Amino acid sequence: MAVLAFFSLAVKNSRTTGFVVAFLGATLMSIDPIFIRFSGVSGFDTAFLFGLFSAISMSILLKINDKRGIRKAIIQSGWPLLFTGMLMLGSATGLVFSIKLTSITNTFVILSASPAVAAIFGWLLLREKTSRSTIIAIISVMFGIGIVVSGSFSLGNWYGDALAVLSVICLSLMFTLLRKYEDVSRLASVALGGLLLAVVMSFLVETSSYSANTWMIMAAMGLFTAPLGRVMSMVATRYITAAEVSMTFMLETVLAPIWGFLFFSEIPTATSIIGGSIILVTIFIYTFITIKNDQ
């Protein structure tokens with residue numbers, strides 16, 4: 001009953017809707033490592049398949065859900081669509097290779113820095129004022145990240161960590177641009193990003209070597225969970241700020257290591273558990289206060 005009441009409230013309140021959609025998107029994106037690790041191919045091949053299936057699934061959804069049609073939706077979205085597509089290319093590439101080259105915990109701990117980066121971009125590009133509660137939440141989250149990194153950073157390859165940083169920058173800037181240009185088609189952005197990813201990686205792969213298992217695993221990720229999660233995160237920017245959308249992604253920092261333990265026996269360190277707990281508690285307290293203030 002409590003869950004039904006929460007979703008009922010979300011429908012009535014636009015900011016609450018934004019948080020709900022962002023949380024669902026974060027949950028879906030947190031399972032990306034499962035597909036990427038089980039794909040059984042290199043980072044280039046994984047990125048290619050991810051991009052290919054994402055472009056297909058999002059183009060179909062765009063055709064079904066947008067009355068303007070694919071061509072008109074792209075034209076009306078204008079030049080910001082190209083930029084958001086390129087930023088998704090950078091974000092997805094960084095994510096895939098980071099998961100391949102470092103621990104799942106390291107990748108998602110670094111990704112959790114996106115609220116601070118998004119707040120900076122929001123201030124620079126949109127002149128958005130960051131609320132006191134958001135600033136406090138970001139500080140608390142960064143403190144949690146510091147605890148996690150202190151115990152787990154040395155376990156990862158620095159190339160993977162650097163690529164996770166690249167993913168953070170691209171993701172945060174993409175959210176900020178979508179916040180500024182609300183008329184840009186979110187579905188078209190993900191479709192274009194997937195297409196660019198597939199095209200770039202196609203020069204570095206050999207599809208004839210893929211097994212049926214690889215095709216099925218990456219189809220599940222590229223056609224359903226990954227693009228849907230990203231679309232939800234983009235849709236959320238219509239209702240809440242880029243920094244707030246990024247804040248909800250802290251949920252990934254907690255869930256991804258759990259999937260890593262359940263599927264790959266990656267055991268988080270004590271510092272990862274403590275830091276992750278701080279991050280998770282901060283997310284829910286911040287969201288609860290925001291929703292309560294909206295009532």
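Helix α2 passes helix α12 in a left-handed crossing, a term used when the near helix is turned anticlockwise from the far one by less than a right angle (clockwise would be right-handed). The helices here are DSSP runs of H or I with at least four residues, and strands are runs of E with at least two, numbered from the N terminus. This is a predicted model, in which local features need pLDDT of at least 70 and side-chain atom pairs count only at pLDDT 80 or more, while totals for chains, interfaces and linings use all residues. Residues are numbered from 1 along each chain as its sequence is written, and side-chain values use heavy atoms, with hydrogens and water left out.

Helix α2 covers residues 14–29 and helix α12 covers residues 212–236; their axes come within 8 Å and cross at roughly 155°. An axis is a line fitted to C-alpha atoms, for helices over the stretch in contact, and the angle between N-to-C directions runs from 0 to 180 degrees. α2 and α12 are therefore roughly antiparallel to each other. That label applies to angles over 145 degrees; under 35 counts as roughly parallel, 65 to 115 as roughly perpendicular, and the rest as oblique.

Residues that α2 brings to this contact include Gly-18, Val-21 and Leu-28, and those from α12 include Thr-225, Leu-228 and Arg-230. Contact means heavy atoms within 4.5 Å. By class, the contact of α2 with α12 has nine nonpolar, five polar and one charged residues. Nonpolar covers Ala, Val, Leu, Ile, Met, Phe, Trp, Tyr, Cys and Pro; charged covers Asp, Glu, Lys and Arg; the others, Gly among them, are polar.

A second pair is formed by helix α4 (residues 43–65) and helix α11 (residues 186–202), which pack at an angle of about 150° with their axes 7 Å apart. That angle makes α4 roughly antiparallel to α11. The crossing of α4 and α11 is left-handed. In this contact there are 17 nonpolar residues, six polar and no charged.

Helix α5 (residues 69–77) has two sides to look at. Gly-69, Ala-73 and Ser-77 are buried, meaning under 20% relative accessible area; exposed means over 50%, and partly exposed lies in between (1.4 Å probe, protein chains only). An α-helix has 3.6 residues a turn, so residues three or four places apart point the same way. The buried residues of α5 pack against α4 and α6. On the other side of α5, Arg-71 and Ile-75 are exposed. After α5 comes Gly-78, with a positive phi near 70°.

Thr-93 lies in helix α6 (residues 79–101) and counts as buried at 17% relative accessibility. Beyond its neighbours within four places in sequence, Thr-93 is in contact with Leu-197 and Met-201. Thr-93 and Gly-43 are 50 residues apart in sequence, yet 8.6 Å apart in space, C-alpha to C-alpha. Ser-98 also lies in α6, and at 0% relative accessibility Ser-98 counts as buried. With neighbours within four places again left aside, Ser-98 touches Thr-107, Gly-160, Leu-163 and Ala-164.

The chain has 15 helices and zero strands. Of its 295 residues, 54% count as buried. Among contacts between residues at least 6 apart in sequence, 90% join residues at least 24 apart.
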